[in-house]
Amino acid sequence: MRKLMIFVLGIFLVGCKHSEESSIVINAPISKVWSVLSDLGEHENFTEITSNFSSSLSPSGEATVGAEWILYMGKDYHKSIVTVVESMKRIETKLIETKWSENMTKWSEIMTLNGGSESTEVSWRVDCAFKGAADLVFSPITKGFLKDVIDKKLEGLKGSVEKR
């Protein structure tokens, strides 16, 4: 019992990390998928997480290292910076500020493309962490929530690219 109490106290003080990844095959050449995916400011056009979701990228257009990507949900926001861009291959972002949850200590996204002239596989990974009691509350929910968010983003991306 004592070991369990120490473990729970450790999680409460430090928090835990959560990761989730999913992928989808899109019936389009990699260049077409890249043109939609890399414009992070337009993600609201294919991501239907909630009805009051919007996004922006500064500078606008194709993602560049150092660009700020902001996701809005009503009055709350989640600001990330683009840390890696490998054209036609990968985009990575890292959280720099959030108003979604004061207990969120990490949120990073990695979008990876692999394909050719007829189809493209897109993998999307989210790594996040919460501190303190929030982690104890959200831990069982987080895995399913992250998977759902990523799957919705990928399905929306597929629909947007394939109907172009």
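Visitor: Which residues are buried in helix H2?

Guide: This is a predicted model. In its helix H2, which spans residues 30-37, the buried residues are Ile30, Val33, Trp34, Val36 and Leu37.

Visitor: Where do they sit around the axis of H2?

Guide: They cover an arc of only 165° around the axis, which puts them on the same side of H2.

Visitor: Why would residues three or four places apart point the same way?

Guide: An α-helix has 3.6 residues a turn, so residues at that spacing point the same way.

Visitor: Changing topic: how many salt bridges are there in the whole structure?

Guide: A search of the whole structure gives 9 salt bridges. One of them pairs arginine 125 with glutamate 21, at 3.8 Å from N to O.

Visitor: Which parts does that pair tie together?

Guide: Arginine 125 belongs to strand S7 (residues 120-130) and glutamate 21 to strand S1 (residues 16-26), so the pair ties together parts that are 104 residues apart in sequence.

Visitor: Is arginine 125 buried or partly exposed? And what about glutamate 21?

Guide: Arginine 125 is partly exposed, because its relative accessible area is 29% and buried means under 20%. Glutamate 21 also counts as partly exposed, with a relative accessibility of 42%.

Visitor: What does aspartate 127 meet in a salt bridge?

Guide: The side chain of aspartate 127 meets that of arginine 125, with a distance of 3.0 Å from N to O. Aspartate 127 counts as buried, as its relative accessibility is 10%.

Visitor: Which residues are then linked in a network?

Guide: Salt bridges link Glu21, Arg125 and Asp127 in a network. Arginine 125 takes part in the bridge to glutamate 21 and in the bridge to aspartate 127.

Visitor: Now for glutamate 86. Where is it found?

Guide: Glutamate 86 is in strand S4, which covers residues 76-86. With a relative accessible area of 31%, glutamate 86 is partly exposed.

Visitor: What does glutamate 86 form a salt bridge with?

Guide: Its partner is arginine 90, and the closest N and O atoms are 2.4 Å apart. The two side chains are also joined by a polar contact of 2.4 Å. Arginine 90 is partly exposed, at a relative accessible area of 26%.

Visitor: One more: how many residues apart in sequence are glutamate 86 and valine 65?

Guide: They are 21 residues apart in sequence, and in space their C-alpha atoms are 9.5 Å apart.

Terms used. Residues are numbered from 1 along each chain as its sequence is written. This is a predicted model: local features need pLDDT of at least 70, side-chain atom pairs count only at pLDDT 80 or more; totals for chains, interfaces and linings use all residues. Side-chain values use heavy atoms; hydrogens and water are left out. Buried means under 20% relative accessible area, exposed over 50%, partly exposed in between (1.4 Å probe, protein chains only). Helices (H or I, at least four residues) and strands (E, at least two) are DSSP runs, numbered from the N terminus. The arc is that of the directions from the helix axis to the C-beta atoms. A polar contact is a pair of N or O atoms within 3.5 Å; within protein, one must be able to donate a hydrogen and the other to accept it, and residues adjacent in sequence count only if both atoms are side-chain atoms. A salt bridge is a side-chain nitrogen of Lys or Arg within 4 Å of a carboxyl oxygen of Asp or Glu.
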